[in-house]
Amino acid sequence: MASYKFMFLISNKMYISDALRSTLGVAVENHYGFGAVLYQKLPPVTEYMKENLEWTKDMEGDVFCVVDTMDEEAKKYNVDEVGLTPITLEELGKQILEADYVVAYGLPYQSRELPSMCADSRTVDTAKTE
C-alpha cells in the first residue's frame with residue numbers, strides 16, 4: 001500500500017481540535033499527516049491534545065502555524081507555548097504542492113450568496129424539482 005501526504009488547512013477555530021485529530025489519524029493509517037492553522041489562536045490545549053501533537057510529530061508529520069496570517073498574540077501562543085512549527089504562506093504553498101491530498105477542514109458558513117450554477121439545498125426551490 002502506498003503512503004500519501006495529507007495537508008489539512010484549518011481556518012475555523014471551532015474545528016481546530018477535530019482537524020488535528022484527523023491529522024494524527026491519517027498518520028496512524030500509515031500516511032503522512034500535516035496540519036496548517038491559519039488566522040487562529042488555538043483554544044486552551046489539554047494534555048490529550050499535547051499528546052496528539054507530539055504523536056503526530058513522532059509519526060513524521062507536523063502541525064504548522066501560518067504566522068503571517070495571525071496577530072502577534074496568536075503567533076506567540078501557537079508557536080512558543082503550544083509548539084507548532086512556524087511557516088509563512090509562501091512556504092505553505094510549497095508544502096501544498098508536495099501533498100497528495102489537501103483538505104480544507106471546517107470551512108465557515110459563507111456570507112455571500114452562491115452563484116446560480118452552484119446552488120445547494122439552502123437555495124433550491126423544492127417546488128420546481130418535483
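Colleague: In which loop does G106 lie?
Modeller: This is a predicted model, where local features need pLDDT of at least 70, side-chain atom pairs count only at pLDDT 80 or more, and totals for chains, interfaces and linings use all residues. Residues are numbered from 1 along each chain as its sequence is written, and side-chain values use heavy atoms, leaving out hydrogens and water. Helices (H or I, at least four residues) and strands (E, at least two) are DSSP runs numbered from the N terminus. G106 sits in the loop between β5 (101-105) and α5 (126-129).

Colleague: Is G106 buried or exposed?
Modeller: Its relative accessibility is 17%. Buried means under 20% relative accessible area, exposed over 50%, partly exposed in between (1.4 Å probe, protein chains only), so G106 counts as buried.

Colleague: Where is N30 found, and what is its phi?
Modeller: N30 belongs to the loop between α1 (16-28) and β2 (32-37). Most residues other than glycine have a negative phi. N30 has a positive phi, near 70 degrees.

Colleague: What about Y39: where is its place, and what is its phi?
Modeller: Look in the loop between β2 and α2 (47-58) to find Y39. Y39 is a residue other than glycine with a positive phi, near 70 degrees.
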